Amino acid sequence: MSSAKRKSSGASSAKTKRHLGTPTPHTQAQTHPAGHSYVRSHIVNLFEPILGSADADLVKCTPTFVDVAAYEKARVEASENVTSGAVFATSAAANPVQLIDTIHFGKWRIGTWYAAPYPEEYCQQQTLYLCEFCLKYMKSAFMTKRHKLKCPLTSPPGNEIYRDGVVSIFEVDGKNNKIYCQNLCLLAKMFLDHKTLYYDVEPFLFYVMTERDEEGFHFVGYFSKEKRSSSNFNLSCILTLPIHQRKGYGQLLIDFSYLLSKKEEKPGSPEKPLSDLGLLSYRSYWRIAVLQELRKMNNETVSIEDIASKTFMTHADIVATLKNLDMLVKDSRDDYVICYNANLVDEVLSKYKSKKYPTIKPNLLRWIRYEAPKKTTS
């Protein structure tokens with residue numbers, strides 16, 4: 001029995017000696033001065049009969065001193081960014097600050113005006129990259145380039161209901177295209193102070209204006225409206241991108257909203273309060289619309305109801321416009337009357353026409369009024 005034990009012990013000792021004296025490729029890589037070369041040649045010899053010498057070569061897979069130095073530098077920078085990001089998040093919680101100061105939108109670089117509630121990881125970027133077709137937001141130019149290769153859209157995801165030359169308008173349902181409309185609202189918030197709608201887009205229709213070229217339909221601006229408005233609002237929010245302002249597109253969107261009101265056969269008005277730029281655009285539109293109707297009628301007596309029946313503006317908006325123009329005065333019987341100087345009106349209209357802004361052509365509209373689906377009773 002003792003002899004057997006001694007033999008067993010000797011075998012164990014021999015096995016241990018062989019393990020220590022003949023290192024595996026892993027231990028050799030750690031102890032041998034040319035450890036990496038040994039492992040590489042071992043693997044090449046192992047897989048070369050199967051893959052061939054070109055595919056089995058691991059030279060390009062072996063990190064060099066330059067690679068190691070680049071990795072270490074990136075690791076240190078990433079650690080610093082995480083630390084600075086934590087500091088920013090702490091300060092932002094106490095005092096919210098908009099870090100996104102520019103956006104890349106197609107070929108444009110646009111400065112932002114207001115903060116937008118993008119997810120926190122995107123708000124820490126000074127520059128945000130947006131796809132001009134699907135409005136997806138990304139962190140880098142590389143991600144945008146990769147996205148562009150596979151983005152399925154070259155136009156807004158809705159029905160094209162109006163086209164005049166290169167200008168088109170699409171009707172997009174917030175219920176059917178929820179992600180697109182949410183991205184649109186986030187984009188609008190960076191240029192609108194009073195914008196509050198971001199994610200609850202299902203009750204709204206979005207009318208998106210574009211300019212067309214060989215690449216597709218490029219976003220210009222939009223307005224939204226409730227599918228069912230109890231207050232007869234024909235517009236909830238309106239935006240023209242800064243790169244397309246002063247081209248008459250804001251007036252065109254407003255005019256289009258009143259064209260839809262005419263088709264619905266009910267007067268409309270924008271939802272209040274309006275943004276500063278929105279208020280200026282509407283006052284300019286109302287002024288021109290009222291003056292144009294006054295000159296078209298050219299009667300001795302014109303009533304507010306007459307103007308409303310032609311423009312589909314509400315009585316309150318017409319009265320406010322006439323007051324701003326100093327055309328609403330009291331007569332000897334203390335009744336309000338519309339009084340204007342035809343020559344001054346012609347001068348204002350002539351100056352407006354000289355700008356050659358685009359105008360809506362009602363005959364180009366291809367639109368069916370939205371009808372909410374009826375609820376089925378069980």
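A salt bridge is a side-chain nitrogen of Lys or Arg within 4 Å of a carboxyl oxygen of Asp or Glu. By that criterion, a search of the whole structure finds ten salt bridges. The structure is a predicted model, in which local features need pLDDT of at least 70 and side-chain atom pairs count only at pLDDT 80 or more, while totals for chains, interfaces and linings use all residues. Residues are numbered from 1 along each chain as its sequence is written, and side-chain values use heavy atoms, with hydrogens and water left out.

**Chain totals**

- The protein chain holds 13 helices and 13 strands; helices (H or I, at least four residues) and strands (E, at least two) are DSSP runs, numbered from the N terminus.
- The protein chain has 378 residues, of which 37% count as buried. Buried means under 20% relative accessible area, exposed means over 50%, and partly exposed lies in between (1.4 Å probe, protein chains only).
- The accessible surface of the protein chain is about 23700 Å², with 54% of it belonging to carbon and sulfur atoms. Accessible areas come from the Shrake-Rupley method with a 1.4 Å probe, and for residues only the protein chains shown count as cover.
- Among contacts in the protein chain with a separation of 6 or more, 58% are between residues 24 or more positions apart. A contact means heavy atoms within 4.5 Å.

- Strand β6 spans residues 167-173, and because seven of its seven residues are buried, the strand is largely enclosed by the rest of the structure.
- In a regular strand the side chains alternate between the two faces of the sheet.
- Both faces of β6 are covered, with Val167, Ile169, Glu171 and Asp173 buried on one side and Ser168, Phe170 and Val172 buried on the other.
- Strand β5 (residues 159-164) pairs with β6 in the antiparallel sense over five bridges; two strands pair if DSSP finds at least two bridges between them.
- In this pairing, Asn159 stands opposite Glu171 in β6.
- β5 and β6 form a hairpin with two residues between them, and Gly165 in the turn has a positive phi of about 70°.
- β6 also runs antiparallel to strand β7 (residues 204-213), joined by seven bridges, and Val167 stands opposite Glu211 in β7.

- Side chains of opposite charge can pair when their charged atoms come close.
- One of the salt bridges joins the side chains of Glu264 and Lys225, at 3.3 Å from N to O. This pair links distant parts of the chain, with Glu264 in helix α9 (residues 249-264) and Lys225 in strand β8 (residues 216-226), 39 residues apart.
- Glu264 counts as buried at 15% relative accessibility, and Lys225 is buried at 4%.
- The side chains of Lys296 and Glu293 meet in a salt bridge at 3.7 Å from N to O. The two residues are separated by about one helical turn because they are three residues apart in helix α10 (residues 276-297).
- Lys296 counts as exposed at 62% relative accessibility, whereas Glu293 counts as buried at 11%.
- Arg295 forms a salt bridge with Asp346, with the closest N and O atoms 2.7 Å apart. Arg295 lies in helix α10 and Asp346 in helix α13 (residues 342-354), so this pair ties together parts that are 51 residues apart in sequence.
- Arg295 is partly exposed, with a relative accessible area of 24%, and Asp346 is partly exposed at 34%.
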